[in-house]
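The following exercises concern the fold, the surface and selected residues of one protein chain. Please work through each task before reading its solution.

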Amino acid sequence: MATLRNLKIKTSTCKRIVKELNSYEKEVEREAAKTTDMKDKGADPYDLKQQESVLAESRMMIPDCHKRLEVALTDLKGTLAELEESDHKEGQEIDEARSTIAEVEQLFQETDV
């Protein structure tokens, strides 16, 4: 049975994964710029290869975050629906969950375009 505590935990999980996703996207931008800079300056091939490896690792984390966020969002929606069916339609936790769902769905729409 869903509780407000579970809803709060699932809402926080979604928010944390969104922060992680944003962090990885910024890291990819930063590492890509660093890699380009190293190429332009004619860096040592070994160092360049290591930097490209770091960049590839960062890029791999973005799809992983998307998958985890999709799972967390589905879980949050299910818990919210269960609570709404049991007459918990108002409250701070419910409002926060709804706004988080809207925020995550907006994020998915922006990345699909």
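**Exercise 1. Fold and overall form**

How many helices and how many strands does the protein chain have?

*Solution.* The model is predicted: local features require pLDDT of at least 70, side-chain atom pairs count only at pLDDT 80 or more, and totals for chains, interfaces and linings use all residues. Residues are numbered from 1 along each chain as its sequence is written, and side-chain values use heavy atoms, with hydrogens and water left out.

Step 1. Helices (H or I, at least four residues) and strands (E, at least two) are DSSP runs, numbered from the N terminus. The protein chain has 3 helices and 0 strands.

Step 2. In sequence order, the pattern of the protein chain is α-α-α.

Step 3. The radius of gyration, taken over C-alpha atoms, is compared with the globule rule, 2.2 Å times the number of residues to the power 0.38. For the protein chain the radius is 19 Å, well over the 13 Å that the rule gives for 113 residues, so the chain is more spread out than a compact globule.

Step 4. The C-alpha trace spans about 65 × 25 × 20 Å along its principal axes.

**Exercise 2. Burial and contacts**

Determine what percentage of the residues of the protein chain count as buried, and characterise the contacts by sequence separation.

*Solution.* Step 1. Buried means under 20% relative accessible area, exposed over 50%, and partly exposed in between (1.4 Å probe, protein chains only). Of the 113 residues, 28% count as buried.

Step 2. A contact requires heavy atoms within 4.5 Å. Among contacts between residues at least 6 apart in sequence, 78% join residues at least 24 apart.

**Exercise 3. The cysteines**

How many disulfides does the structure hold?

*Solution.* Step 1. A disulfide is a pair of cysteine sulfur atoms within 2.5 Å. The structure holds 0 disulfides.

Step 2. For cysteine 14, the nearest cysteine sulfur belongs to cysteine 65 and is 12 Å away, and cysteine 14 is in no disulfide.

Step 3. Cysteine 14 counts as buried because its relative accessibility is 0%. Cysteine 65 is also buried, with a relative accessible area of 0%.

**Exercise 4. Leucine 48**

In which helix is leucine 48 placed, and is leucine 48 buried or exposed?

*Solution.* Step 1. Leucine 48 lies in helix α2, residues 45–85.

Step 2. With a relative accessible area of 16%, leucine 48 is buried.

Step 3. Leaving aside neighbours within four places in sequence, leucine 48 is in contact with Thr35, Met38 and Lys39.

Step 4. Leucine 48 and arginine 98 are 50 residues apart in sequence and 45 Å apart in space, C-alpha to C-alpha.
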